[in-house]
Amino acid sequence: MAYYWFKAFHIIGFVVWFAGLFYLVRLFVYHAEAKQEGEPVQTILAKQYTLMEKRLYNIITTPGMAVTVAMAIGLISTEPEILKSGWLHIKLTFVALLLVYHFYCGRVMKQLEQGTSTWTGQQFRALNEAPTLLLVVIVLLAVFKNNLPLDATTWLIVALVVAMAASIQLYAKKRRRDQESLALQESLPE
Ligand code: HEM
């Protein structure tokens, strides 16, 4: 029974963790784009985003990560045989990348607070696609385990996820260009 409890909270933990990671980098996009505003708007927005980012990272994202890892340790200690599974080793490699991403976001958050980040909103938008790919790969490995089929269906699903991420980026780029040309038209004399 303990195993099912650990698994249930393992799943709850990573849902919270990912919700935090996705929203955090979206806040980075707004934070970076706030630099385009004049004063005092820029300072007010930067202060507000810093506060929101810190609360999100410390109260949602990091605890989500801690619950996921703690429950995973619970799962493994209940059934230590799992440690011999090949799929788990591959999954752990991707989880390690996810942990690097998590702590890197913490660093970026500090840079944004100190005003030393050089990333643009567009770059943060692209960065926000990385956890999507990690999520898909980790969940596929957790569900299929050693039977993950590397056939046309799997590659089609991966291609669809990549295409979706690319179209979100292209749409955001187009919207930004439209806004810029509208602003230019409005600034031109009649
Ligand atoms: C901290 C590193 C992690 C370890 C050591 C770990 C280990 C495990 C273990 C041992 C199971 C039980 C497998 C079973 O009973 O069949 C499991 C289940 C699962 N894990 Fe993880 N996990 C980790 C992180 C993650 C992350 C980050 C995600 C999501 C992105 C995730 C998604 C899942 C899912 C969806 C299941 C349920 C699979 C099923 O019941 O079919 N895990 N994990």
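Q: Which residues coordinate the iron atom of the ligand?
A: In this predicted model, local features need pLDDT of at least 70 and side-chain atom pairs count only at pLDDT 80 or more, whereas totals for chains, interfaces and linings use all residues. Residues are numbered from 1 along each chain as its sequence is written, and side-chain values use heavy atoms, with hydrogens and water left out. Donors are N, O and S atoms within 2.8 Å of the metal (3.2 Å for Na, K and Ca), and since water is not among the atoms, sites may look incomplete. At 1.8 to 2.0 Å, the iron atom is coordinated by His10 (NE2) and Lys91 (NZ).

Q: What is the arrangement of the six donor atoms around the iron atom of the ligand?
A: Six donors count as octahedral if opposite donors are over 155 degrees apart and all others between 65 and 115. Ideal angles for six octahedral donors are 90 or 180 degrees. Because the six donor atoms here subtend angles of 85 to 178° at the iron atom, the arrangement is octahedral.

Q: How many residues apart in sequence are the parts that His10 and Lys91 tie together?
A: Helices here are DSSP runs (H or I, at least four residues), numbered from the N terminus. His10 lies in helix H1 (residues 2-33) and Lys91 in helix H3 (residues 86-114), so the pair ties together parts whose separation in sequence is 81 residues.

Q: Is His10 buried or exposed?
A: Buried means under 20% relative accessible area, exposed over 50%, and partly exposed in between (1.4 Å probe, protein chains only). Lys91, with a relative accessible area of 12%, is buried. The relative accessibility of His10 is 12%, so His10 also counts as buried.

Q: Which helices each supply at least two residues of the shell around the ligand?
A: The ligand is surrounded by 23 residues, the closest being Tyr3, Lys7, His10, Lys91 and Lys145, where a residue is near a molecule if one of its heavy atoms lies within 4 Å of it. At least two residues of this shell come from each of H1, helix H2 (41-78), H3 and helix H5 (130-144).

Q: How far from an oxygen atom of the ligand is an N or O atom in the side chain of Tyr3?
A: A polar side-chain atom of Lys91 lies 2.7 Å from a nitrogen atom of the ligand, and an N or O atom in the side chain of Lys145 is 2.7 Å from a ligand oxygen atom. For Tyr3, the distance from such a side-chain atom to an oxygen atom of the ligand is 2.4 Å.

Key. Tetrahedral: all angles 85-135°; square planar, octahedral: opposite > 155°, others 65-115°. Polar contact = N/O pair within 3.5 Å; in protein donor to acceptor, adjacent residues only side chain to side chain.
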